Amino acid sequence: MVKIKNLRIPGYQPVSLQIAANECIGISGVSGSGKTRLLRAIADLDEHDGEVIVNGIHAHNLPAHTWRKKVALLPAESVWWFDTIGEHFISYNDNFSTLGFSAEVMQWDAAHCSSGEKQRLSILRLLENRPELLLLDEPTANLDRHNTTQVETLIQHYLHENRAAAIWVAHSVTQLKRVAQRRFVIHQGQLQAAGHDID
């Protein structure tokens, strides 16, 4: 269970949410509306007030690096520190094959991977720490339909297998209707339940 209580980000109305285990909520909104800032605040990366509690643990009770393993942010653009893909992972696992990668991927040069390959690999890297809350910022923006479907399926299986929760940010309302049990939109600095007038 995720509880967000009166989360305040400069320039935006306070946000309060509860997200159940296995649940994904979707958030959309125009560019610049604050979707990424909300995710970064929940991950304790940006200035904010209020409380974020995941399975009874308060963000302010954990060191930042520990919190970010429990609450994992997938940014819109991934960063790769080492030369090869394998250096970023503990080991090859079944999730790689689910997203179409053979064991040879561990030897790949990270600098030569396409944007779509990096996006899928960044999702695998995120899941390796077994986070309890996934903060997904446009996780399939660089992917074709087939790979988008594979990622959506993997995330849904992960949530159910680990009793985790997710906040999925996307411009595509059609996608959010597929992956999320509830949908919201950020409109004029306020998080609102998705409605026909602003959806």
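**Close-up views of a predicted model**

**Figure 1. Val 52 lies in strand E4, which covers residues 49–54.** The model is predicted. Val 52 counts as buried because its relative accessibility is 4%, and buried means under 20%. Leaving out residues up to four places away in sequence, Val 52 touches Lys 3, Ile 4, Leu 7, Ile 42, Ile 57, His 58, Ala 59 and Trp 67. Asn 6 is 46 residues from Val 52 in sequence, and the C-alpha atoms of these two residues are 8.9 Å apart in space.

**Figure 2. Helix H4 spans residues 115–128.** H4 has 14 residues, and the distance from its first C-alpha to its last is 20 Å, close to the 20 Å expected at 1.5 Å a residue. The helix is mostly covered, with 11 of its 14 residues buried. Among the buried residues are the leucines Leu 121, Leu 124, Leu 126 and Leu 127. Charged residues are also among the buried ones, including Arg 120, Arg 125 and Glu 128. Gly 116, Gln 119, Ser 122 and Ile 123 complete the buried set. The partners against which the buried residues of H4 pack are strand E6 (71–74), helix H3 (94–98), E7 and H5. Just after H4, Arg 130 has a positive phi of about 55 degrees.

**Figure 3. Ala 141 sits in the loop that runs between strand E7 (133–137) and helix H5 (145–162).** Both of these flanking elements also pack against buried residues of H4. Ala 141 itself is exposed, because its relative accessible area is 53% and the cut-off for exposed is over 50%. In sequence Ala 141 and Ala 76 are 65 residues apart, while their C-alpha atoms are 8.0 Å apart in space.

**Figure 4. Gln 181 is in the loop between helix H6 (173–179) and strand E9 (182–187).** When neighbours within four places in sequence are set aside, Gln 181 is in contact with Asn 22, Glu 23 and Cys 24. A separation of 20 Å divides the C-alpha atoms of Gln 181 and Val 71, which are 110 residues apart along the chain.

**Figure 5. Gln 192 belongs to strand E10, residues 190–193.** Gln 192 and Val 15 are 177 residues apart in sequence, with their C-alpha atoms 9.4 Å apart in space.

Figure 6. Along the principal axes, the C-alpha atoms fill a box of roughly 45 × 40 × 30 Å. Of the 199 residues, 45% count as buried. Among contacts between residues at least 6 apart in sequence, 65% join residues at least 24 apart. The chain exposes about 10,100 Å², of which carbon and sulfur atoms supply 47%. There are 19 positive and 22 negative side chains, and the centres of the two sets are 7 Å apart.

Terms used
Residues numbered from 1 in each chain as written. Predicted model: local features only at pLDDT ≥ 70, side-chain atom pairs only at ≥ 80, totals over all residues. Heavy atoms only, no water. Buried < 20%, exposed > 50% of the residue type's maximum accessible area, 1.4 Å probe, protein only. Contact = heavy atoms within 4.5 Å. Areas by Shrake-Rupley, 256 points an atom, 1.4 Å probe, with all protein chains shown as cover. Charge placed at Lys NZ, Arg CZ, Asp CG, Glu CD. Helix = DSSP H or I, 4+ residues; strand = E, 2+ residues; numbered from the N terminus. Expected span 1.5 Å × (residues − 1).
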